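Work through these exercises with the model open. Each task is followed by a worked solution.

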Amino acid sequence: MSATITLQQLTDQLDALEAEAAAEVRAAPVAADLEQLRVALLGKKGRLSAVLGAMGKLSAEERPLVGQRANRLKEQLQALLGERLEALREAAMAEKLRGESLDVTAPSRYVPAGHRHPLITTTEEIVDIFAGLGYRVEEGPEVETDHYNFTALNIPPHHPARDMQDTFYLTTSTLLRTHTSPVQIRHLEQNPPPVRIVAPGRVYRRDAVDATHSPVFHQVEVLAIDEGLDFSHLRGTVTTFLQAFFGDLPVRFRASYFPFTEPSAEVDVQWRGRWLEVMGCGMVDPAVLEGLGLDPERWSGFAAGLGVERFCMVRHGIDDIRRLYTSDLRFLEQF
Ligand code: 2NL
């Protein structure tokens, strides 16, 4: 720097510093750059100090003029730095808010609603028909005693249904129920007749899996006990039910045998020109009523049982029971 510096030169330098500093502050992209700029401009070894270092070369009259100008510049630069810092903070906050904003009016992502499994809709349809005929829905435990599952139903000690080959035993006297009849026995113990109940539920038999058998399946049984019930009531009820479910098609009864009904019958429907066996039924055996303390001379009744899988398969033309259990959406979405 030359030994003789004029007031004018010094003032020009301060003006130049003002213009450059203002441009640099405006251009600073982030807050950290502003701090570096503040040190470079206003720090002890900063550019303002450097200009003022030459002040000593001015006369005593000129010095205060430059001093005042320098102080104003210092305040201006501090204000500029502060404003820019504030602007950068606001921009950063606005950016953050844009990124975190939540549009509560945006449509939701697509979630398929799904629907009930065909076995459930079939069960509900069957139960609804009986409910319409005045039957109450009853349910009971899947783990049963051999008393409720067999003995109370007049199934003799050496009947093959009791065999380990055919039933899942948990202990010597408890098992997975093989039908929902125990629900009806339990209900009769607690409720005096007249009784009309429908008992849907899951049942278990020790069968190998094939196209028509599953060790776990679903049943609906119905029971009516009253004074004066005879086979015509059974026939009328079962026929009404089957025609409500399958449509107005031919129904026939064939003599059969169950330990818990006498007489007993299998029931067929003529479905698409072919006779198909769909359920079993009969008049409740007097021995079952006596076991419950009911006088068979006063009370009589009928019962019927059906497999839900079979009803579902016939109705929908399903060829293999396993399709109902494998949760394949290509199959299930057809219902
Ligand atoms: C079938 C046949 C049947 C019954 C179930 C029953 C229940 C009580 C008393 C007497 Cl508490 N009987 N149930 C009667 C006849 C047939 O089911 O093929 N089921 C799948």
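**Exercise 1. The ligand**

Find how far a polar side-chain atom of Q219 lies from a nitrogen atom of the ligand.

Solution. The distance is 3.3 Å from a polar side-chain atom of Q219 to a nitrogen atom of the ligand. Next, take E221: an N or O atom of its side chain is 2.9 Å from a nitrogen atom of the ligand. Then take G305: a polar backbone atom there is 3.4 Å from an oxygen atom of the ligand. Finally, widen the view. The ligand has 15 residues around it, and the closest are Q219, E221, F260, A303 and G305. A residue counts here if one of its heavy atoms lies within 4 Å of the molecule.

A note on the source: this is a predicted model, local features need pLDDT of at least 70, side-chain atom pairs count only at pLDDT 80 or more, and totals for chains, interfaces and linings use all residues. Residues are numbered from 1 along each chain as its sequence is written, and side-chain values use heavy atoms, with hydrogens and water left out.

**Exercise 2. Helices α1 and α4**

Classify the packing of α1 and α4: parallel or antiparallel?

Solution. Two packed helices are described by the angle between their axes and the distance between the axes. Axes are lines fitted to C-alpha atoms, for helices over the stretch in contact; angles run from 0 to 180 degrees between N-to-C directions. Helices are DSSP runs (H or I, at least four residues), as are strands (E, at least two), numbered from the N terminus. The axes of α1 (residues 7-27) and α4 (residues 63-100) come within 10 Å. They cross at roughly 0 degrees. Therefore α1 and α4 are roughly parallel to each other. The classes are: under 35 degrees roughly parallel, over 145 roughly antiparallel, 65 to 115 roughly perpendicular, the rest oblique.

Now list contacts, meaning heavy atoms within 4.5 Å. On the α1 side they include L7, L10, L14 and D15. On the α4 side they include L65, V66, R69 and A70. By class, the contact of α1 with α4 has 14 nonpolar, one polar and five charged residues. Nonpolar covers Ala, Val, Leu, Ile, Met, Phe, Trp, Tyr, Cys and Pro; charged covers Asp, Glu, Lys and Arg; the others, Gly among them, are polar.

**Exercise 3. Helices α5 and α10**

Give the angle at which α5 and α10 pack, then classify it.

Solution. α5 (residues 118-132) and α10 (residues 308-316) pack at about 100 degrees, with their axes 9 Å apart. They are therefore roughly perpendicular to each other. P118, L119, T122, T123, E125 and I126 in α5 meet V308, E309, F311, C312 and R315 in α10. These residues of the α5 and α10 contact divide into six nonpolar, two polar and three charged.

Which residues of α10 are buried? V308, E309, F311, C312, M313 and V314 are. Buried means under 20% relative accessible area, exposed over 50%, partly exposed in between (1.4 Å probe, protein chains only). Their cover includes α5, β5 (216-227), α8 (231-246), β7, β8 and β9 (299-307). After α10 comes G317, with a positive phi near 65 degrees.

**Exercise 4. Backbone exceptions**

Locate the cis peptide bonds that end at P194 and at P263.

Solution. Most residues other than glycine have a negative phi, and most peptide bonds are trans. The bond from P193 to P194 is cis, with omega near 5 degrees. P194 is in the loop between α7 (181-190) and β4 (195-204). The bond joining E262 and P263 is also cis, with omega about -5 degrees. P263 is in β7. For positive phi, take R272, near 50 degrees. R272 is in the loop between β7 and β8 (274-284). At 66% relative accessible area, R272 is exposed.

How values were computed
Polar contact = N/O pair within 3.5 Å; in protein donor to acceptor, adjacent residues only side chain to side chain.
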